[in-house]
Amino acid sequence: MEKTRFDLDPKRMPDRWYNIAADLPKPPPPPLHPVTNEPLHPDDLRTLFADSLIEQELTMDRYVAIPGQVMDMYGMYRPSPLFRARRLEKALQTPARIYYKYEGVSPPGSHKTNTAIAQAYYNAQAGVKRLTTETGAGQWGCALSFACQLFDIECRVYMVRVSFQQKPYRKTMMETWGAKASPSPGLDTEVGRQALALDPDTPGSLGIAIAEAVEDAAAREDSKYALGSVLNHVLLHQTIIGEEALLQMELADDYPDVVIGCFGGGSNYAGLAFPFIRENIRNNKGTRCVAVEPAACPSLTCGNYEYDYGDTAKLTPLLKMFTLGYQFMPPGIHAGGLRYHGAAPLASFVHSLGLMEAKALPQNAVFAGAVMFTRNEGILPAPESAHAIQAAIDEALDAREKNEERVILFNLSGHGFFDLGAYQAYLAGELEDYFHK
Ligand SMILES: *Cc1c(COP(=O)(O)O)cnc(C)c1O
């Protein structure tokens, strides 16, 4: 029988994360203080983050060892499987070989668990008793709730009101893992009370939810704040994906010509792609790495590379990144996890150096790819992940046209079991495409 699944022996699971900053021709532009515009000092971050995470945020070391307890918790669902999509290849009648790394096997259902576990661990080590965060679509809130439960930390989630109403089961999931989740804006914070006074019916926004979580963490001695994407330490933790994939491609006796990931803040893309970019830089490999964003929120393909705020309230440091502007309000597309105005500074820097590619896709094409994938491979993908699927399908069709044996690897960042409303809308022909400008 032809092999379709490549499982890594758990004993061979990589035990270090990879920091691409060590292999770039110059250091990445530093974050700036939002008020003074001076490069940020580590002390500026201490009210919000544990020291070891600040150290990881700024380190230029090539590798960071994964602590034993984190390895143990990863062992609950890692190594994650690598599949060859043979049925999809057949359906596309392509000479290309398509592989995907499946991160939906983590209990909360996405790659976000990889950094949630690491962040909960380092905070527990630092004696932190409580973590606050925001969540848009709900995946990050679920991942952090699960991780906090593992390390006996209290978890408080501010969930953007509109998705709180659209996805009530996400709240149930977070509460089952012992977290407290409430709609944002809410009455528990000054930011929330002000937002509600301005507009009692506001749908909320990621910017407001971030501001609420930050206000909460800053006000309490026992609390810190956690972010699920964008920051260097988050991208670092996600590189476990690419490090495993390198070993699994070896098991498959193959090597990718192109590596693809969907791109919101940039963490799952970077997690898969950065170790392959290292191989390009250090070992003369020639893999093309492609980030795929929604046409409705295309920061890499339409944004400017400049210093900008991470949130609408201008509370975060200024980050040099590809951005549509901190006031940009993306339309309500169904890949909620990709509706961020900016892009991770480290991925932005890699892109500015010409070490990767980016493209944007509209949501109807993305759902068409998702449905084709589900009908052939069985897994029902998150709408975010489906951007990577459709881009992989485009590559496979291009390879067919050119009669090329292209090897394609993409990241299936999560499953879509909480996104069935979006599938229903697509199947009923009710999804609208949005294009930036
Ligand atoms: C959050 C999320 C994303 C987008 O975030 P990145 O930081 O860009 O990876 C993509 N896929 C899934 C399943 C998510 O939950």
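Which residues are the closest to the ligand, and how many surround it?

## Ligand site

In this predicted model, the ligand is surrounded by 19 residues, and the closest are Lys112, Ser229, Gly264, Ser267 and Asn268. By class, the shell around the ligand holds 13 polar, four nonpolar and two charged residues. Two helices, α12 (267-283) and α16 (383-401), each contribute at least two residues to this shell.

An N or O atom in the side chain of Ser267 is 2.7 Å from an oxygen atom of the ligand. A polar side-chain atom of His111 lies 3.1 Å from a ligand oxygen atom, and for Gly265 a backbone N or O atom lies 3.1 Å from an oxygen atom of the ligand. On its own the ligand has 380 Å² of accessible area, of which the protein covers 98%.

## Seven-stranded sheet

An open sheet of seven strands runs in the order β1-β4-β5-β15-β10-β11-β14, with mixed pairing. Its edge strands are β1 (5-6) and β14 (357-361), each of which pairs on one side only.

Within this sheet, β10 (residues 258-262) and β11 (residues 288-294) pair in the parallel sense over five bridges. Ile260 stands opposite Val290 of β11. Helix α11 (residues 240-251) packs on the sheet, where it touches β1, β4 (82-84), β5 (97-102) and β15 (407-412). The direction of α11 makes about 140° with that of β5.

## Four-stranded sheet

Another open sheet has four strands in the order β8-β7-β6-β9, and its pairing is parallel. The edge positions belong to β8 (180-184) and β9 (223-225); each has a single partner strand, so one side of each is left without a neighbour in the sheet. On average, neighbouring strands of this sheet are turned by 25° against each other, direction ignored.

Strand β6 (residues 130-135) pairs with strand β7 (residues 154-160) in the parallel sense over six bridges. Here Glu134 stands opposite Tyr158 in β7.

## Packing of α8 and α9

Helix α8 (residues 190-198) and helix α9 (residues 206-219) have axes that come within 8 Å and cross at roughly 145°. From α8, the contact is made by Glu190, Val191, Gly192 and Ala195; from α9, it is made by Ile208, Ala211, Glu212 and Glu215. The contact of α8 with α9 comprises four nonpolar, one polar and three charged residues.

Technical notes
Residues are numbered from 1 along each chain as its sequence is written. This is a predicted model: local features need pLDDT of at least 70, side-chain atom pairs count only at pLDDT 80 or more; totals for chains, interfaces and linings use all residues. Side-chain values use heavy atoms; hydrogens and water are left out. Two strands pair if DSSP finds at least two bridges between them. Contact means heavy atoms within 4.5 Å. Axes are lines fitted to C-alpha atoms, for helices over the stretch in contact, and angles run from 0 to 180 degrees between N-to-C directions. A residue is near a molecule or strand if one of its heavy atoms lies within 4 Å of it. A polar contact is a pair of N or O atoms within 3.5 Å; within protein, one must be able to donate a hydrogen and the other to accept it, and residues adjacent in sequence count only if both atoms are side-chain atoms. Accessible areas come from the Shrake-Rupley method with a 1.4 Å probe; for residues, only the protein chains shown count as cover. Ala, Val, Leu, Ile, Met, Phe, Trp, Tyr, Cys and Pro count as nonpolar, Asp, Glu, Lys and Arg as charged, and the others, Gly among them, as polar.
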